[in-house]
Structure formats: structure tokens, C-alpha cells
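Here is a short tour of one protein model. Keep the sequence and the 3D view at hand as you read.

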Amino acid sequence: MKSRTGIELFLSALKEYNIDHIFGNPGTSESAITNSLALPEHKDFKYFLAVQEGVAMGMADGWARSTGKTAFVNLHIDSGLANGISLLINAFYGGAPIVLTAGNKDIRKFNSYRSNLVNMVKEFTKWSAEVTHIEQLPEMTMRAFKEASTPPTAPTFLSISANVFDEITDLDVIKLPQISNNFSPDSNSIKILSDKIIESDNPMIILGDRISHSNSSNKAVEFAELTGSKVYVSSTSEINFPTDHKQYLGSLPNLLPKAKEIIDKHDLVISIGSNVFDGFFYIKGQLFGNKTYHAHIDSSASAISRNEQTNLGILSNPNTALKSLIININNNIDGETREKISLRKNDIYKESEKISSANKQTTQDKFNDDPMSAYRLFSELSEVLSEDVIIIDDSVSSRPALMATNNFKPKKLFGERGGAIGWGMGATMGVKLANPDKNVIGIIGDGSAMMTMQALWTAANSKIPVIYIICNNKSYRVLKTNMQIYKEEILNEDNPDYKYFAMDFNPSFNFAELANTFGLNGIKISDPKLIKKHVTESLNSDITTVLDIDIDGSV
Ligand SMILES: Cc1ncc(C[n+]2csc(CCOP(=O)(O)OP(=O)(O)O)c2C)c(N)n1
Ligand SMILES: [Mg+2]
């Protein structure tokens with residue numbers, strides 16, 4: 001076997017694991033990497049330089065979510081890693097398959113401000129380890145990729161001591177195993193749940209992002225229609241169910257009493273690929289009472305009965321479980337039950353129509369507001385969005401307006417996970433790199449955009465043509481709406497006096513001018529009538545456009 005350096009072995013492993021995009025920001029501890037990447041034999045690696053680590057993390061997250069493949073990020077030692085951790089948190093809670101690495105100081109210089117990088121990221125990675133000897137490199141690199149890509153997918157981390165890259169080895173790359181994640185549910189549990197569904201008077205489904213991750217949206221539609229269930233989503237950032245479907249009733253409220261009010265109306269709730277409930281504020285109580293039978297199907301064992309009372313847990317790929325349930329129900333359901341389901345569906349259609357009418361009314365009421373409302377902005381946008389466009393939603397408090405004025409099909413929108421702001425600027429470019437032939441529009445709050453504004457430099461440097469729509473409401477508006485919930489629902493104040501401390505931007509940001517300084521196309525818009533024109537002109541452009549749109553920030 002031929003001898004080579006650790007860095008050459010590592011780059012061969014990346015090739016073996018189908019990595020050709022590298023998102024990163026290097027330092028001296030990564031000299032071996034940049035030294036080798038400059039060689040002609042490695043020209044097939046596309047390196048995307050981010051000038052702030054959050055941008056690299058956002059790009060990797062967007063790319064991984066859109067391709068379903070494992071993304072690779074390399075950051076610099078403790079300092080660079082620290083900058084990346086904020087958006088690593090989003091990737092971790094969202095389950096994005098990402099292998100993150102950082103170079104560390106030579107293990108032989110142990111006492112020279114050498115940090116324990118693994119300790120820094122342990123909380124937000126599925127698996128993390130340090131490679132201190134070249135003999136460990138093949139196994140640990142393979143393990144990092146295997147852990148990241150097998151369900152539940154998540155980021156993993158390798159700290160690599162500088163000596164490892166320079167040492168010589170005759171070891172070879174270890175291939176990744178072929179692991180099917182198409183695992184089937186237990187047939188007895190499927191029988192129990194099918195019977196419960198057939199007996200139920202008003203079943204409800206709660207879908208989560210592992211529906212989208214397992215490409216189960218079509219099966220979820222078939223299942224909802226067969227069973228006549230109401231469909232809610234909970235703590236999601238993907239489109240798991242077509243939002244214009246007549247059985248779709250939106251997001252489960254994230255305040256416990258309001259979510260419980262909905263749950264209590266159902267004799268059967270089936271959570272599928274879902275975290276079920278993730279309310280931010282603590283409110284005493286349990287989501288499920290004893291009158292509701294709660295079944296949970298998931299590929300993540302830890303998601304089942306994580307907090308909620310659960311009567312039946314089914315560990316399975318959601319797609320396979322839904323297929324089995326559909327077959328089982330079809331084999332056992334009688335004509336009378338089918339009739340009952342069909343009547344029940346008419347009631348659900350009426351409920352969803354009521355939601356659509358209320359959304360239309362709000363849009364109409366706010367249509368001529370000055371400054372323009374988020375509803376007007378997205379209603380104008382809806383007229384120029386085709387099936388061909390992918391949306392990155394980091395619109396924060398403008399999200400309800402986006403969802404009220406537009407319908408989305410699975411894989412047509414990727415949303416922010418919650419946690420850290422700053423995700424959307426990088427994620428928009430990551431999704432574009434994954435879909436070079438599609439138009440990708442990032443809709444981003446001004447506060448979130450400002451966190452990772454350095455992304456515009458990467459858009460210019462790496463020539464990644466996307467469209468950013470910045471919701472310039474001149475504030476951290478969501479902090480104001482959450483302050484209202486805090487005072488009313490948590491502190492139970494009778495006559496709350498709202499003082500929105502440290503939530504306004506004065507001066508406000510001029511994103512159009514910022515874009516222009518990077519040689520990009522920056523346009524400031526205050527007149528809603530200009531939105532369609534500018535969006536249309538920006539589609540298919542070979543240069544990034546920033547549409548900086550002034551919208552109302554009042555609460
Ligand atoms: C890294 C990080 N810092 C601070 C916060 C707290 N935070 C959550 S939402 C938010 C404001 C978002 O503002 P913006 O993007 O302008 O959207 P808007 O609320 O105005 O719609 C802030 C500061 C956070 N989530 N993450
Ligand atoms: Mg804002």
C-alpha cells in the first residue's frame with residue numbers, strides 16, 4: 001500500500017464519501033488543508049469561503065436539507081468553531097446531516113492554550129471526537145460520516161490535531177456501509193393502530209419534519225384522506241403536507257393550553273415523524289389527557305414519548321409504517337365506516353375553508369396599509385412565484401403572513417428551525433448550490449439578515465445568484481409579540497404596560513446599499529406596486545439581488 005500524508009488520506013476519504021462542496025473559513029491550524037486544496041489534483045473540490053463562520057454553517061445546513069446528503073464544513077480551531085456554534089444549534093435541532101471539522105494544535109504541544117474542541121460542541125452534535133494520531137483517522141472519519149447520515153441524522157464533529165495531517169501512513173480509507181433506513185414497523189402494533197383508527201370518531205394527525213426527511217408526504221396525504229383525519233404540523237421547518245390540502249389545518253399552537261384545547265377534541269391523535277410539541281414558555285400541565293389515545297410513529301426512538309403521554313409507540317421509517325397502515329385499514333374497513341369518514345371529511349373541509357377565508361380577509365384589511373404590511377408584501381409575491389422557485393423562510397414574525405398568502409408543496413420551502421437567528425442568509429446560498437437550475441429566494445427578517453450579512457461577500461465571491469427579500473420592519477418584532485405573550489399568559493398581568501426595550505433599530509439598516517458595496521444588485525422598495533416588477537426582473541439573473549423592502553413593524 002502506498003504511503004501518504006494524513007491530509008491526503010483525509011481528502012481521499014472525502015472523495016470516497018461523495019463530498020465535493022467544502023464550506024469553511026480556514027486558519028493556520030488548517031494550513032495542511034488549504035495547502036493541499038491548492039493542488040491541481042484536488043481541483044474538483046469546490047471550496048466556498050465564508051468570511052463569518054455562521055455563513056458557512058447556514059450554507060451547509062441549507063445544502064444538506066435540500067440534497068438529503070451529508071454536507072462538510074471545516075472551521076478554524078476554538079475561535080472559528082465558537083462563531084459557528086450558534087447555527088450548529090439550528091442544524092442539530094433540525095437533524096441536518098453535517099460533518100463539521102476543525103483543526104487543533106499539535107497534540108505534542110498539549111499545554112499551549114490547546115482547547116478541548118469536543119467539549120465545545122458536545123451539546124450540539126450527535127457524535128464528536130478528537131483525532132490525535134494518524135492511525136485513528138480512517139476509522140473516525142468514517143464514523144463521523146456514518147453517524148451524521150444515519151437516522152436520526154444530525155451534525156457530527158471531528159477535531160483533528162495538526163500532527164495528524166502531516167504524519168505519513170499506509171492506511172487506507174474505510175468505506176461507508178450501505179445501511180437501509182427503510183425499516184419496517186412491528187406488524188402487531190400496526191394491527192392495534194389500524195383497529196383504533198377504524199373505531200375512531202375524530203382522529204387527528206400531527207406531522208413533523210421527519211415526514212419530509214423520509215419523503216413520506218405523499219403517503220401522509222393518502223393516509224389522511226383514507227382515515228378522514230384532521231392534519232396539523234408541529235414545530236416544523238419543512239413542508240410536510242401540501243398547505244392547500246382541504247384537510248390541512250395549519251400549525252398546532254405553541255402555547256400548551258391552546259394546543260391542549262385542540263387535542264382534547266379528539267379521541268385519537270397520531271403523531272408521525274414529529275417532536276409533537278415544543279412550546280417555548282413553561283406552562284404547567286400535560287398535552288394529553290386520558291380520553292385521547294396517542295400513538296406515535298417515528299424513525300427517532302428518542303422522539304417517542306419524549307415528554308408526552310403516549311399509548312403506542314411505533315419505531316419505523318414513517319413511509320413504511322404509513323404504507324402498512326394503509327394496506328391494513330383498506331383490508332379491514334367496512335362500507336359503513338367509509339361512509340362515516342366521508343361525512344367527517346366534509347366537516348374538516350369546512351374548517352379549513354374558514355381558515356382560508358379568515359386569511360383572505362386579513363390580507364384584504366391590511367392591503368393598503370402604509371407602511372406596507374407583510375401581508376401585502378407576500379400577496380404581491382404570490383403572484384409571481386412559480387412552482388420552479390424554492391423559498392428559504394427566515395422571515396421570523398412575518399411567517400404567518402407568508403403562510404396566509406401562499407401555498408407550498410413539500411420541498412418548495414425550507415424554514416428556520418428556531419434557536420439562532422442568522423440562518424437564512426447562508427441557507428439560501430446552500431439551497432441554490434443544491435439546485436443550480438432553480439430560482440431560490442431567501443425571505444429574511446432584518447435582524448436575522450444583519451447577523452450574517454457577510455454572506456453577501458460569499459454570494460459575490462463564489463458567484464451564487466440568489467434573491468434575498470429582506471423584511472425591513474426596523475425591529476426585532478418577534479421579541480415584541482413574545483413580550484405580549486409573556487406578560488399576558490405567563491405573568492398574567494391584567495393591564496400590561498409594554499415597554500419594548502432594546503428591540504428597535506434606530507438607525508435602521510440599508511440592505512440595498514450594503515448589497516451594492518459588494519457589487520451586487522441592491523434595490524430599496526417602499527411602494528408595494530414595484531414588488532412584482534423587481535422580483536420578476538431578478539429571477540434567472542446571474543447576479544444576486546437584495547430587495548430591501550420596508551414593511552410595517554408595529555405590533
Ligand atoms: C443568535 C441569536 N441571537 C439572538 C436571538 C434572539 N432573537 C430571537 S428572534 C430575534 C429577532 C428577529 O428579528 P428579525 O429577524 O428582524 O425578525 P422580526 O422579529 O422583526 O420579524 C432575536 C433577537 C436568537 N434567537 N439568536
Ligand atoms: Mg425585524
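Helices α1 and α6 cross in a right-handed way. This is a predicted model. Helix α1 covers residues 6–16, and helix α6 covers residues 137–149. Their axes lie 10 Å apart, at an angle of about 30°. An angle under 35 degrees counts as roughly parallel, so α1 is roughly parallel to α6.

Which residues make the contact? From α1 come Gly6, Leu9, Phe10 and Ala13. From α6 come Leu137, Pro138 and Thr141. By class, five residues of this contact are nonpolar and two are polar. No charged residue takes part.

## Domains and their contact

The protein chain has three parts: domain 1 (4–169), domain 2 (187–353) and domain 3 (366–550). The C-alpha centres of domain 1 and domain 3 are 30 Å apart. Each of these two domains gives 25 residues to their contact.

Look at the domain 1 side. Here β3 (46–49), α3 (53–67) and α4 (77–94) each supply at least two residues. Helix α3 gives the largest share, with 13 residues. By class, this side of domain 1 has 13 nonpolar, ten polar and two charged residues.

## Around the ligand

Now turn to ligand 1. There are 17 residues around it. Val396, Ser397, Gly445, Gly447 and Val478 come nearest. Two elements give two or more residues to this shell: α17 (446–451) and α19 (477–490).

What classes make up the shell around ligand 1? Nine of its residues are polar, six are nonpolar and two are charged.

Notes
Residues are numbered from 1 along each chain as its sequence is written. Chains are lettered from A and ligands numbered from 1 in the order in which they are written. This is a predicted model: local features need pLDDT of at least 70, side-chain atom pairs count only at pLDDT 80 or more; totals for chains, interfaces and linings use all residues. Domain bounds come from an automatic or database domain assignment. Two residues are in contact if their C-beta atoms, placed from the backbone, lie within 7 Å. Helices (H or I, at least four residues) and strands (E, at least two) are DSSP runs, numbered from the N terminus. Ala, Val, Leu, Ile, Met, Phe, Trp, Tyr, Cys and Pro count as nonpolar, Asp, Glu, Lys and Arg as charged, and the others, Gly among them, as polar. A residue is near a molecule or strand if its C-beta atom, placed from the backbone, lies within 6 Å of it. Axes are lines fitted to C-alpha atoms, for helices over the stretch in contact, and angles run from 0 to 180 degrees between N-to-C directions. Angles under 35 degrees count as roughly parallel, over 145 as roughly antiparallel, 65 to 115 as roughly perpendicular and the rest as oblique. A crossing is left-handed if the near helix is turned anticlockwise from the far one by less than a right angle, and right-handed if clockwise.
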